[in-house]
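Subject: A structure for you to explore

Hello,

Here is the structure I promised to pass on to you. Please open it next to this email, and then read on for what turned up in it.

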Amino acid sequence: MFGRSRIETKTPDQILRMRKAGLVVGQTLQLMAQTVRPGMTTKQLDELAEEHIRGCGATPSFLGYHGFTGSLCTSVNDEVVHGIPGSRVLLEGDLISIDCGAIVDGWHGDAAISVIVGGRDAGRPEDLALIDATEDSMWAGIAALAVGESLYAVGAGVEDSIVASGTSDGHEYGIVEDYVGHGIGTEMHMDPQVPNYRVRDKGPTVRSGVTVAIEPMVTLGSAETRVLQDDWTVVTVDSSRAAHWENTVAVTDDGLWVLTALDGGKERLEAAGAAYAPLG
């Protein structure tokens, strides 16, 4: 139902249903991280992901979405988001962001990870720092979610984390503003939008039962982007590398449950001082 905040809320039973979809997504991304290697094509990754999703009794969210042809988004190096799986051969040291969605009984889960092809030892130091800074900013944004607080505290948390990481790493990271987080439930993309940066507007107030996808996209250079001729793939204008992390999160009066994290986000939430509150 909607209240004055205009954010749809979910019942505990509905959140439990979303957890089923979230686990499929989390398990698929874990499989992708364990499988990706030099010499693979992004299409091979995609085929493995689709097989796993369907084997779990779920349906890929992305496949056929507005004509999209993959079950994953595979975005490599300067590709920020929405990369289409295809014949591209992955090279050792490539930075790949893998975005995955699944539907179980009409409910969606959506999450993304960024990894180095060939493992962390194959990565450039600046790419490893970017991946870690982006993941940390996602968790900072998630930890800012709380009943009664502004939804836009998420963006402030993300931005503060990125600025702090940049100071520590000696980098000036760019936070992509053209693409943001979103509500999620019986549709993959729902209101409200969730900025990954600080905004002046107080924004809607978070209520118990809210479910949102938090997904910062961060670059090693300019935050400006453009879309390639395929009408999907978003790349950095200056060709700098980018990272993308995402999780689907449920907020209740008792705290947070990260529906796409295999452990529900327990370790990272508690480390951030946020309450970990699984249902059931």
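Asp 105 counts as exposed, because its relative accessibility of 65% is over the 50% cut-off. You will find Asp 105 in the loop between β4 and β5. Its phi is positive, about 50°, although Asp 105 is not a glycine. Please keep in mind while you look around that this is a predicted model.

His 66 is another residue to look up. Its phi is near 50°, a positive value in a residue other than glycine. His 66 sits in the loop between β1 (59-60) and β2 (72-76), and with 66% relative accessibility it counts as exposed.

While you are checking the backbone, have a look at the peptide bond from Asp 191 to Pro 192 as well. This bond is cis, with omega near 5°. Pro 192 belongs to strand β8.

**The annotated domain**

In an unreviewed entry, UniProt annotates residues 17-253 as "domain: Peptidase M24". Over residues 17-253, the chain is 29% helix and 27% strand.

The unreviewed UniProt entry gives the annotation "binding site" to Asp 99, Asp 110 and Glu 246. These residues are spread over 148 residues of sequence, but they cluster in space, with a largest C-alpha distance of 7.9 Å. Of these residues, Glu 246 is included in the lining of the largest pocket.

Are Asp 99 and Asp 110 buried or exposed? Asp 99 has 8% relative accessibility, so it counts as buried, the cut-off being under 20%. Asp 110 counts as buried too, at 2%. Asp 99 is in strand β4, while Asp 110 lies in strand β5 (residues 107-116).

Not counting residues up to four places away in sequence, Asp 99 touches Phe 62, Ser 71, Leu 72, Cys 73, Asp 110, Ala 111, Ala 112, Glu 215, His 244 and Glu 246. Notice that Asp 110 and Glu 246 from the annotation are among them.

Where does each of them sit? His 82 lies in the loop between β3 (79-81) and β4 (95-104). His 189 is found in the loop between β7 (181-183) and β8 (190-194). His 82 counts as partly exposed, at 24% relative accessibility. His 189 is partly exposed as well, with a relative accessible area of 37%.

Now for their surroundings, again leaving aside neighbours within four places in sequence. His 82 is in contact with Phe 68, Cys 73, Ser 75, Tyr 179, Trp 232, Thr 233 and Val 234. His 189 touches Tyr 65, Asp 110, His 182 and Gly 183.

**A buried valine**

Val 176 lies in the loop between β6 (174-175) and β7. Its relative accessible area is 0%, so Val 176 is buried. Leaving aside neighbours within four places in sequence, Val 176 is in contact with Val 80, Met 217, Thr 219, Ala 223 and Thr 225. Another residue to check is Asn 196: Val 176 and Asn 196 are 20 residues apart in sequence and 7.8 Å apart in space, C-alpha to C-alpha.

**A pair of helices**

Two packed helices are described by the angle between their axes and the distance between the axes. Here, the axes of helix α1 (residues 12-35) and helix α2 (residues 42-55) come within 10 Å and cross at roughly 145°. The crossing of α1 past α2 is right-handed.

Which residues make the contact? From α1 they are Val 24, Gln 27, Thr 28, Leu 31, Met 32 and Thr 35, and from α2 they are Leu 45, Leu 48, Ala 49, His 52 and Ile 53. The contact has seven nonpolar residues, four polar ones and no charged ones.

Happy exploring!

Technical notes:
Residues numbered from 1 in each chain as written. Predicted model: local features only at pLDDT ≥ 70, side-chain atom pairs only at ≥ 80, totals over all residues. Heavy atoms only, no water. Axes fitted to C-alpha atoms, helices over the stretch in contact; angles between N-to-C directions. Helix = DSSP H or I, 4+ residues; strand = E, 2+ residues; numbered from the N terminus. Left-handed = near helix turned anticlockwise from the far one by under 90°. Contact = heavy atoms within 4.5 Å. Nonpolar A, V, L, I, M, F, W, Y, C, P; charged D, E, K, R; others polar. Buried < 20%, exposed > 50% of the residue type's maximum accessible area, 1.4 Å probe, protein only. UniProt positions renumbered as here; feature names shortened; annotations may be inferred. 1 Å grid on protein atoms, 1.4 Å probe; cavity = no way out; pocket = protein on both sides within 12 Å on 5 of 7 lines; lining within 4 Å.
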